[in-house]
Each structure stands twice: as C-alpha cells, then as structure tokens.
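User: Hi! I'm new to this one and would like a friendly walk through it. Could you show it to me first?

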Amino acid sequence: MHCPYCKTVQKDVIFWGFRKTQKRGKIQRFKCTRCEKSFVENHGFFHKHFPPETVLCVLSQYWKGLTSRELADEHGVTQKTVLSWLKEYTVLLYGFLCKLIQKLTKKLHLDELFLRMCGAFFYLWDAICSDSRFFFWFLSPKRDIPSCKKLLEQCPFSDVIVTDGYDVYPRAIREHYHGQASHEQLVSFEDKKNNNIAERLQNTYRRWLHPKRGFHSLKTGRIQLQGFWVYYNFIRTHTGIGCCPAEKAKLIEPWKVKTVKQRLQQLIYQATIFWLKILTPITIVLSNSPTANYSRAAFEGKSKIYIQGWRLNKTI
C-alpha cells in the first residue's frame, strides 16, 4: 500500500480508525506519517454509495443479458445508476485489458452481423480464433473492404482465414496479408468445412442484444460492446475449452476463483492499481480507432467519462 498523496512506502502508513458509511459499513482508514494525511485504500469502489457486491451483481448480470431496467428494479437502484456504473467500469477495464491481445493463431474465422443503432443498421464485423476462442470486433456503418481491413488490423496473424461467400473478403485479405495467409471461402452450404465458430459467437451476440432492442446512441453502443468484449474474453468460462479465452491464449494467469463476480472484482482491483500507479502518459483505446494518449494531468479535464473519480479529457 502506498500513500496516494506523497507516494510513500507502506512502512510509513499506519491504521487510523474507520470511516463510517451508511450502506457499506465501516471502512478501514489509514494515515501517512510522512505527510500527515489520512486516506482510504481504493479497491475499485471508491465513493460508491452501494456495497461492492451490488455493483458486481449489476455488471455481471448485465453482461449475461439482463436489461438496465430489470437490474434497477431488482437491486433497488435507478436505471441511470446502472448505466453510469457500466460506463465507468467498462472504460476502466477496457483501457487496462485492450493491450492484452493474442499475437498468433492457427486459424481465424470472420463474419459480420447486422446491428441496429440510432434507428439505422450498422455492421458488427467480428473475428474469432479457433484455438483460443478469443474474439475481436469492429463496428462500421458500411459493409465494404476498408471496414474488413480495419477488423484484420486488430486481429493476430493467422495462417488460415475462414469466411463465408461474401465477395469483400478475398480482396481485403489479399491486400492485408500480401499472400502470406491462405483463404478458405465457404460458398456453398454443402462444403465439409464450415464457419460454425463464428456463427456460434453471433448467436451469443444475439442472445445478449435481443432484450436491449438495439442501442439509441453510437457512443453507448460502443461502450457496451467493449464491456461485452471484456466479459467474453477475460471473465466468462467457455464450455468448449473449459476456461476463458484469455487463459487459453496465455494472456493472463489461470483463474484461481470460479465465480464471475470474484473474477470481475479482481480485474477491477488490478485495473484500479494500474491507473493509480501510472505516472507517465498512457494509451487507452476508447473506440475502434484511433487511440488517444492521456496522462494523469489530463484526468482533470471536463468530460462525462470517469475512471474512479478521475475525469478524462476526451469522451468516447
């Protein structure tokens, strides 16, 4: 533990009573003997009016498919509070985990999905690794070659790429890989080879998106898709491989806890410590592209996006 004010080491920090809260009970308070200031350790739920258990339940159940109104009625919070927690912790986790991406894969499956946003149809381009089930996505208003190439830029290098019969894929793959990857295009339903892995991923998408009836804002849609990316790749146990995709790809150590809430709580704590210790400029991927550089001094700007009480200088 370090003092958040003078960054002193743990030996200069002592216990200093408790901080009494209405809904979270007593919270241990500490004092720094060097700067003579007291503080509370930030576990990722700093200045929350509800217990961490409620926040974790809301986040995990939302990513499992419940709507914000259903969660508000079940946990006794407002719908605005649910969406605020979702936005805050999605930015926190996605900025922390977006750099942990698989570099190589044997086979990559590509497909696209119609998605309703702002009263119009968008295309959700997705790719999934056959060995680890780690997936990538890109949201675009067009179903063209540049959008497909944007998806391929986020994906790891693959020897084999499997797609359906859409005529955009051959040229996009050829221009991106320059002939270094073989393309298996499934034109007929009678082909022995199939793209079932990508289709199964889209079924998971549809089950999660159906109760929401689409998104009313492009910004909100991207935030929620980023949260689903974190949940699917780093928290949810995939029944086909017996672990989460990030474990199979060896991007994280194997989970010692089994429940979704415990895994989510550990990720929130690790992400919070990461942001608190950052002193140099950092890079956060808040949307598909481009990236945006932020530093701790930039957290004091005016914005509607927060990371544990810090304000980002730019919104998504």
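**A first walk through the chain**

Analyst: Among contacts in the chain between residues at least 6 apart in sequence, 54% join residues at least 24 apart; contact means heavy atoms within 4.5 Å. Please keep in mind that this is a predicted model, where local features need pLDDT of at least 70, side-chain atom pairs count only at pLDDT 80 or more, and totals for chains, interfaces and linings use all residues. Residues are numbered from 1 along each chain as its sequence is written, and side-chain values use heavy atoms, with hydrogens and water left out.

User: Thanks! How many helices and strands does the chain have?

Analyst: The chain has nine helices and 12 strands. Helices (H or I, at least four residues) and strands (E, at least two) are DSSP runs, numbered from the N terminus.

User: And what percentage of the residues count as buried?

Analyst: Of the 316 residues, 49% are buried. Buried means under 20% relative accessible area, exposed over 50%, and partly exposed in between, with a 1.4 Å probe and protein chains only.

User: Let's pick a helix. What can you tell me about H7?

Analyst: H7 covers residues 218–235, which is 18 residues, and reaches 25 Å from its first C-alpha to its last, close to the 26 Å expected at 1.5 Å a residue. That expected span is 1.5 Å times one less than the number of residues.

User: Why is H7 said to be largely enclosed?

Analyst: Because 14 of its 18 residues are buried, H7 is largely enclosed by the rest of the structure.

User: What happens at the start of H7?

Analyst: There, a side-chain oxygen of Ser-217 comes to within 3.3 Å of the backbone nitrogen of Lys-219. This is a polar contact: a pair of N or O atoms within 3.5 Å where, within protein, one must be able to donate a hydrogen and the other to accept it, and residues adjacent in sequence count only if both atoms are side-chain atoms.

User: Switching topic: how many aromatic pairs are there?

Analyst: The structure holds 21 aromatic pairs. Rings of Phe, Tyr and Trp (its six-membered ring) pair if their centres lie within 6.5 Å; planes under 30 degrees apart count as stacked, over 60 as edge-to-face and the rest as tilted. Take Trp-125 and Tyr-169: their ring centres are 6.0 Å apart and their planes at 75°, so this pair is edge-to-face.

User: Where do Trp-125 and Tyr-169 lie?

Analyst: Trp-125 is in strand E5 (residues 120–129) and Tyr-169 in helix H5 (residues 168–177), so the pair ties together parts that are 44 residues apart in sequence. Trp-125 is buried, at a relative accessible area of 0%, and Tyr-169 is buried with a value of 0%.

User: Which rings form a cluster?

Analyst: One aromatic cluster is made of Tyr-94, Phe-134, Phe-136, Trp-229 and Phe-234.

User: Now the inside: how many residues are in the largest nonpolar core?

Analyst: The largest nonpolar core has 76 residues, and those with the most contacts inside it include Trp-125, Trp-229 and Ile-268. A nonpolar core is a set of buried Ala, Val, Leu, Ile, Met, Phe, Trp, Tyr and Cys residues joined through side-chain atoms within 4.5 Å. Helix H3 (residues 79–97) gives the largest share of this core, nine residues.

User: What does Ile-268 touch?

Analyst: Leaving aside neighbours within four places in sequence, Ile-268 is in contact with several residues, among them His-43, Phe-45, Leu-59 and Tyr-89.

User: Last topic, loops. Is His-178 buried or exposed?

Analyst: His-178 is exposed, with a relative accessible area of 65%. His-178 sits in the loop between H5 and strand E8 (182–185), and its phi is near 55°, a positive value in a residue other than glycine.

User: And which loop holds Lys-250?

Analyst: Lys-250 lies in the loop between helix H8 (245–248) and helix H9 (260–277). Lys-250 is exposed at 75% relative accessible area, and its phi is positive, about 60°, although it is not a glycine.
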